[in-house]
Amino acid sequence: MKDQTICILGGSGFVGHHITNRLMADGYHIRILTRRREQHRNLLVMPDVEIQEANIHDLSQLKKHTVGCSAIINLVGILNQSKYAGETFNDTHVTLPGSIAKVCQQNNIPRILHMSALNADVARGRSYYLRTKGSGENVIHQATRDGLHVTSFRPSVIFGPDDNFFNLFATLLKQIPFVFPLACPQAQFAPIYAGDVAEAFAVALTHKETYDQRYDLCGPRVYSLRQLVEYTADLININRKIIGLSKGMSKLQAHILEIMPSKPFTYDNYLSMLTPSVCQEELPRLFNIKPTPLETIVPSYLAEYRLRGRYPHYRQTARRK
Ligand SMILES: NC(=O)c1ccc[n+]([C@@H]2O[C@H](COP(=O)([O-])OP(=O)(O)OC[C@H]3O[C@@H](n4cnc5c(N)ncnc54)[C@H](OP(=O)(O)O)[C@@H]3O)[C@@H](O)[C@H]2O)c1
């Protein structure tokens, strides 16, 4: 695969690191487009990875920086809109996929792998996040009418070192003394390992059967949010009374926390959690993936919290944006 360059938008993030490592192992050359090259110097030391700074929302820049790629992987996504950073769900989840489809046509790039989210649905999504993710998925799949080959992945919550789920709860559990008020304690998730997600992307790149398909991605077990937070507290050896909040109190907590600059929880996040994040079908056999149980991975990276508060390096830089 040495002659193939895969262009990854959002490749500097949590999932992007896993996919980059996995595709490098297959011998691809990786080009990551980022808004701030300096903040991702850790990626520069990786062989066969080039980092290009670009405003990917500008069509001409996107076109220029994707020349020579044989596929584009789109991992760009946001959980919350930020009026300060000028990021909207619509720009990020809908307009950008449309631009990607356009530049693929212009640059003769035949293949797109697109990251969506479980329960993304333009009509039935409960939150703005899920509706725009659903809309973006439809927009990018329309490109198949122009002869492009598109595959979408729709994961439940993704775990792995540097994730934004277990790491976030571990941090919050350490910061909040005595009693931990938990919104939506009954919300359901089937967490999938980032390494399995990366494997699915790698398989899709070489299998024509995945053209024009959309795949839900889940781990092997379903958990309530309360179970996952209790598990996190156990792993970091911290004693907190976890109080599950009612619907009304969960909404109130969301409205209060979304005012904070770091927005640890928003009303839109609350709405997303009303739909169980679980899969109806298993991933087809061609992927040959046996989903990794979280109990085999999470303890290793939460161990650091037993000793001290920890936040992964690239998350620190991300939070400063
Ligand atoms: N993590 C999960 O549990 C999960 C679950 C379901 C779906 N997903 C989806 O999976 C994808 C990757 O998730 P992740 O956890 O790896 O996210 P992440 O760590 O936040 O990485 C996303 C990357 O996208 C780029 N980005 C973000 N906002 C942007 C904007 N407005 N314009 C241009 N680039 C922007 C950033 O790159 P630069 O800062 O370098 O520009 C960032 O590193 C997202 O689409 C997400 O919605 C994730």
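Biologist: Over how many bridges do β2 and strand β3 pair?
Modeller: In this predicted model, local features need pLDDT of at least 70, side-chain atom pairs count only at pLDDT 80 or more, and totals for chains, interfaces and linings use all residues. Residues are numbered from 1 along each chain as its sequence is written. Strand β3 covers residues 49-53 and runs parallel to β2; pairing requires at least two DSSP bridges between strands. For β2 and β3, the number of bridges is five.

Biologist: In β3, which residue is the bridge partner of Leu33?
Modeller: Leu33 belongs to the group of β2 residues that point one way, together with His29 and Arg31. Across the β2 and β3 pairing, which is parallel, the bridge partner of Leu33 is Gln52.

Biologist: How many residues of strand β2 are buried?
Modeller: A residue is buried with 20 or more other C-beta atoms, placed from the backbone, within 10 Å of its own, exposed with 12 or fewer, and partly exposed in between. His29, Arg31 and Leu33 point one way from β2, Ile30, Ile32 and Thr34 point the other way, and all are buried. Strand β2 (residues 29-34) is therefore largely enclosed by the rest of the structure, and its buried residues number six of six.

Biologist: Which residue of β4 stands opposite Cys7?
Modeller: Strand β1 is mostly covered, with four of its five residues buried. β1 also pairs in the parallel sense with β4 (residues 71-74), over four bridges. In β4, the residue opposite Cys7 is Ile72.

Biologist: Among contacts between residues at least 6 apart in sequence, what percentage joins residues at least 24 apart?
Modeller: Along its principal axes, the C-alpha trace spans about 55 × 45 × 40 Å, and 43% of the 321 residues count as buried. A contact places two C-beta atoms, built from the backbone, within 7 Å. For the contacts in question, the proportion is 74%.

Biologist: Which element gives the most residues to the shell around the ligand?
Modeller: The ligand is surrounded by 24 residues, near being a C-beta atom, placed from the backbone, within 6 Å. The closest are Gly10, Ser12, Gly13, Thr34 and Gly77; of these, Thr34 is a buried residue of β2. With three residues, the element that gives the most to the shell is α1.

Biologist: Is Lys263 buried, partly exposed or exposed?
Modeller: Lys263 lies in the loop between α9 (247-257) and α10 (267-272). Neighbours within four places in sequence aside, Lys263 is in contact with Asn80, Leu257 and Glu258. Because 16 other C-beta atoms lie within 10 Å, Lys263 is partly exposed.

Biologist: How many Å apart in space are Lys263 and Leu44, C-alpha to C-alpha?
Modeller: Lys263 and Leu44 are 219 residues apart in sequence. From C-alpha to C-alpha, their separation in space is 30 Å.

Terms used: Helices (H or I, at least four residues) and strands (E, at least two) are DSSP runs, numbered from the N terminus.
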